[in-house]
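Biologist: I would like a close look at one part of this protein. Please take me through it step by step, and then show me how it sits in the whole.

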Amino acid sequence: MASPLPPCTAVSYSALTIVSLVFLLSVTAVHSSQGDKEPVYQGCVTQCVRTNCTGARLRGFQSTQPPYMALTGWTCRDDCRYQCMWQTVGLYQAEGYSIPQFHGKWPFARFLCFEEPASALASLLNGLACLLMLLRYRSSVPRQSPMYYTITAFSLVSLNAWFWSTVFHTRDTYLTEKMDYFCASAVILYSIYLCCVRTLGLRRPGVSSMVGVVLILAFTSHVFYLTFISFDYGYNMAANATIGIVNLLWWLCWCWQNRRTLPYWWKCGVVVMLLHGLALLELLDFPPLFWILDAHAVWHLSTVPVHFLFYSFLIDDSLHLLNTEKAGVKLE
């Protein structure tokens, strides 16, 4: 979209945006957990910051810090917290206690600038799978197919969500955390819209338009509440779970109604069951294996193959709808 601003203003606005992003990337999201409440951890961080993060020591840290660490917003204080986290973990292990969480997450072994290497890799693989299948969809389905643009838009929303998931697991900050949560919610809400268009909107476009407006208002209210009122993790999880269940039941009803007329219906049923079943892996919350692989990473890795079956269903269905429309038969 062309910028409505004059050239000079547009450049200034872009520069301001970049500065804001750099600032937000340097602000680490903070949540309290057992590990960071420990006096030994807090004392270690305080002493480390006092010793290493001022004056000549700070300049020395900055001069030897790898560029990729600086670009992703790692500060001297962040490095102190990382080192003190492992000191505290070592003490817990020496005393035979279970591994604690720190600031809302398990301790992960940092790789280069990646805070959660396995989850970041899994998110990237999901994004690549989504992109690959979107390209296959666009090469296999003519634009005249009734669902072509709706599915393309859904794919772009999904790609955006996987991008921010990768960024968030690379570097957890105030900005990246919110973008990860908000973009995930956008995918769930758009999946409801996709289901509505496929099941109702092809015959009653007005219905899908009204549902679309309601979903946009719901998303706006959701983002507003989490941003300006309370970033409530319980509420966010409950809201997404509720929408996910509606989506699951809606698609399964459609699959059941079309099981005798559409030979590919089972692909849709398997996908929605897999996606919701695999989400239960999140309940297996355990300290990361080898300090890298936790339940969240396992969940993300398990969803990579699902993209291929899902887009196989979308291609079959879009071609069916196109052929049905050409034949002058009423759309299901």
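Predicted model: local features only at pLDDT ≥ 70, side-chain atom pairs only at ≥ 80, totals over all residues.

Which residues make the nonpolar surface patch of about 580 Å²?

Modeller: Now the patch. Its members are Leu121, Leu124, Leu125, Leu128, Leu131, Leu135 and Leu301. Every name on that list is a leucine. Helix H7, residues 117-140, gives the most to the patch, with six residues.

Take leucine 121 as an example. Leucine 121 sits in helix H7. Its relative accessible area is 47%, so leucine 121 is partly exposed. The cut-offs make this clear: buried means under 20%, exposed means over 50%, and partly exposed is in between.

What does asparagine 126 meet inside? Leaving out residues up to four places away in sequence, it touches Trp162, His300, Thr303, Val304 and His307. One of these partners deserves a second look. The side chain of asparagine 126 reaches the backbone oxygen of histidine 300 at 2.8 Å.

Histidine 300 takes us to helix H13, residues 295-303. The buried residues there are Ala295, His296, Ala297, His300 and Thr303. Two of those names, His300 and Thr303, are also on the contact list of asparagine 126. The buried residues of H13 pack against H7, helix H8 (148-170), helix H12 (265-278) and helix H14 (306-326).

Follow H14 next. Isoleucine 315 is found in this helix. Its relative accessibility is 10%, so isoleucine 315 is counted as buried. Not counting residues up to four places away in sequence, isoleucine 315 touches Arg136, Tyr137, Ser140 and Val141. Compare isoleucine 315 with methionine 133. The two are 182 residues apart in sequence, yet 9.7 Å apart in space, C-alpha to C-alpha.

Side chains of opposite charge can pair when their charged atoms come close. Aspartate 317 forms a salt bridge with arginine 198, and the closest N and O atoms are 2.5 Å apart. Aspartate 317 lies in helix H14 and arginine 198 in helix H9, so this pair ties together parts that are 119 residues apart in sequence. Both ends are buried: aspartate 317 has a relative accessible area of 4%, and arginine 198 has 1%.

Salt bridges join Asp78, Glu115 and Arg171 into one network. Start with arginine 171 and aspartate 78. Their closest N and O atoms are 2.6 Å apart. Arginine 171 lies in the loop between H8 and helix H9 (174-201), while aspartate 78 is in helix H6 (residues 76-94), so the pair ties together parts that are 93 residues apart in sequence. Both arginine 171 and aspartate 78 are buried.

Arginine 171 has a further partner. Its side chain meets that of glutamate 115 in a salt bridge, at 3.2 Å from N to O. Glutamate 115 lies in the loop between H6 and H7, and arginine 171 in the loop between H8 and H9, so this pair ties together parts that are 56 residues apart in sequence. Glutamate 115 is buried, with a relative accessible area of 15%. For arginine 171 the value is 3%. Across the whole structure, a search finds seven salt bridges.

Now step back to the whole protein. There are 14 helices and zero strands. Of the 332 residues, 42% are buried. Consider the contacts with a separation of 6 or more: residues 24 or more positions apart account for 72% of them. The accessible surface comes to about 17900 Å², and 70% of that belongs to carbon and sulfur atoms.

Last, the record. An unreviewed UniProt entry annotates "transmembrane region" at residues 147-167, 179-197, 209-231, 237-257, 264-284 and 290-314. Two of these spans can be compared with the model. Residues 237-257 are 100% helix and 0% strand, with end C-alpha atoms 30 Å apart. Residues 264-284 are 67% helix and 0% strand, and their end C-alpha atoms lie 33 Å apart.

Technical notes:
Residues numbered from 1 in each chain as written. Heavy atoms only, no water. UniProt positions renumbered as here; feature names shortened; annotations may be inferred. Helix = DSSP H or I, 4+ residues; strand = E, 2+ residues; numbered from the N terminus. Patch = residues over 30% accessible without salt bridge, like charges linked within 9 Å, V, L, I, M, F, W, Y side chains within 5 Å. Areas by Shrake-Rupley, 256 points an atom, 1.4 Å probe, with all protein chains shown as cover. Salt bridge = Lys/Arg side-chain N within 4 Å of Asp/Glu carboxyl O. Buried < 20%, exposed > 50% of the residue type's maximum accessible area, 1.4 Å probe, protein only. Contact = heavy atoms within 4.5 Å. Polar contact = N/O pair within 3.5 Å; in protein donor to acceptor, adjacent residues only side chain to side chain.
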